[in-house]
Amino acid sequence: MAIATINPTTGETVRTFPELSESEIERKVGLAHERWRTYRDTGFDERAEWMRAGADLLEQEADAAARLMTTEMGKTLAAARGEALKCVRGMRYYADNAAEFLADEPLADPAAVGASHALSRYRPLGPVLAVMPWNFPMWQVMRFAAPALMAGNVGLLKHASNVPQCALYLEDVFRRGGFPEGCFQTLLISSGRVEAILRDPRVVAATLTGSEPAGRSVAAICGDEVKHTVLELGGSDPFVVMPSADLDRAAATAVDARVQNNGQSCIAAKRFIVHSDVYDAFTDRFVAGMRALTVGDPFDPATDVGPLATERGRAGVEELVDEAVTRGAKVLCGGRRPPGPGWFYPPTVITGITRDMRIFTEEVFGPVAALFRAADIEEALEIANATAFGLGSNAWTRDEAEQDRFISDLDAGQVFINGKTVSYPDLPFGGVKRSGYGRELSAHGIREFCNLKTVWIG
Ligand code: NAP
């Protein structure tokens, strides 16, 4: 895939970038390694000062950063601005909390292990390669970079090939914030060049956010090299609605949860599982809400849903919908691409889905909702868990016993009751099953790329 900014609203190639040569990659990996040898011994206060200065810059430049994101991948300008400010929040969160999260943990009774003192100390690992997706082109990077840099690691970013300007901008923000040269570098390379970097002994670990095949490939190489990985992969999150739910709020949230980021979020609700008693009432509200959305130019403030980010992405969504329809599924709204330029696809609701359809088993990365009816909580849980993924999950009920069932029995890394799944710097984020492993964000996220060193002093 060429490294290029291609505006998904028009299909026009705005700017292309040459890939790094072998010697440029060698120079950057060498610089990361050399930098880490001194950077690892900087103090939390110094790192926090650079991180806060970077956050201030990004806050001041949020409008320009938002325009870059909207141009490169088509999210609405308001959503892009929100993403820039979320990065600012994440940067300040780790600047404020890293020292506490990584403080020494002394053993209360060192005599029990025959020591005068015993403790655990978090030490940084070294240069970490981050392979990142285009859908949240700044936030996905920041939730790796802010904790990794605050922990004393250095970062190498291989961003998705369609968001090179976002990647270069983030490198620039860290540099202008004051981080020494080499602490955070963008590598403009295609995915075929990743393996050699993963196998380089100077690169000690990797994190990948993206699709399952990409995750499998990176994890297999790192497994072969015995290097730590964190994988944040796809999702097909359930959104269960039970009879006691506030249906107006549930339906409005369901619309938002499905079409956020033009339907291209790993934690978008994708499968809506509704109790029979409220199925018709919920469906009427939900379909009306999806129909009412304005699809169009993401720079226009009146737009709710912009284009899909890539032509290939739209073709993938169309294939899943068309296959389901051919096998007998029913389209309640949307389902057909509009004429004209740009990679638009309308908000769509589908029912009558059977388990032999690809739409049942695969992640739909576009504004398409799959709607299911459940007779009771057992059937709702069965459908919700009948997926290879396990990232986020949502359940709507005011019954506390039911809430507890969903919290315990939904197979997912996250359960949101009477709301939609959202990532916050303060809460751990990650999945189970084929959605990946490891955790980002919160105290757990910053500890992923640390050596938890056991210290025993006689
Ligand atoms: P993708 O095709 O897997 O690409 C993600 C990144 O991996 C890109 O930088 C891509 O580079 C690179 N890549 C692709 N194949 C690779 C390989 N074999 N070896 C090494 N690197 C490889 O995914 P995407 O289409 O950009 O993003 C959508 C996917 O990401 C969805 O499945 C979504 O659910 C998931 N996602 C998950 C989370 C989460 O936190 N769990 C968050 C956001 C998105 P190129 O662009 O150069 O191909």
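By class, the lining of the second largest pocket comprises eight nonpolar, nine polar and seven charged residues, where Ala, Val, Leu, Ile, Met, Phe, Trp, Tyr, Cys and Pro count as nonpolar, Asp, Glu, Lys and Arg as charged, and the others, Gly among them, as polar. The model is predicted, with local features needing pLDDT of at least 70 and side-chain atom pairs pLDDT 80 or more, while totals for chains, interfaces and linings use all residues. Residues are numbered from 1 along each chain as its sequence is written, and side-chain values use heavy atoms, with hydrogens and water left out.

The second largest pocket holds about 470 Å³ of space; a pocket is an open set of points on a 1 Å grid over the protein atoms alone, where a 1.4 Å probe fits, with protein on both sides within 12 Å along at least five of seven lines, and lining residues have an atom within 4 Å of a point. Its volume is the space filled by probe spheres set on the points, which are joined across faces, edges and corners. Of the 24 residues in this lining, Ala79, Phe136, Gln260, Asn261 and Lys420 are the closest to the centre. Helix α4 contributes the largest share, four residues.

Turning to the aromatic side chains, the count comes to 15 aromatic pairs, for which ring centres of Phe, Tyr and Trp (its six-membered ring) must lie within 6.5 Å, with planes under 30 degrees apart counted as stacked, over 60 as edge-to-face and the rest as tilted.

| Pair | Centre distance | Plane angle | Class |
|---|---|---|---|
| Phe144 and Phe449 | 6.2 Å | 85° | edge-to-face |
| Phe239 and Phe272 | 5.3 Å | 45° | tilted |

Because Phe144 lies in helix α5 (residues 139-150) and Phe449 in the loop between α15 (442-447) and β20 (450-457), their pair ties together parts that are 305 residues apart in sequence. Helices (H or I, at least four residues) and strands (E, at least two) are DSSP runs, numbered from the N terminus. Phe144 and Phe449 are both buried, that is, under 20% relative accessible area with a 1.4 Å probe and protein chains only. Phe239 and Phe272 are likewise buried.

Definitions and conventions
Buried means under 20% relative accessible area, exposed over 50%, partly exposed in between (1.4 Å probe, protein chains only).
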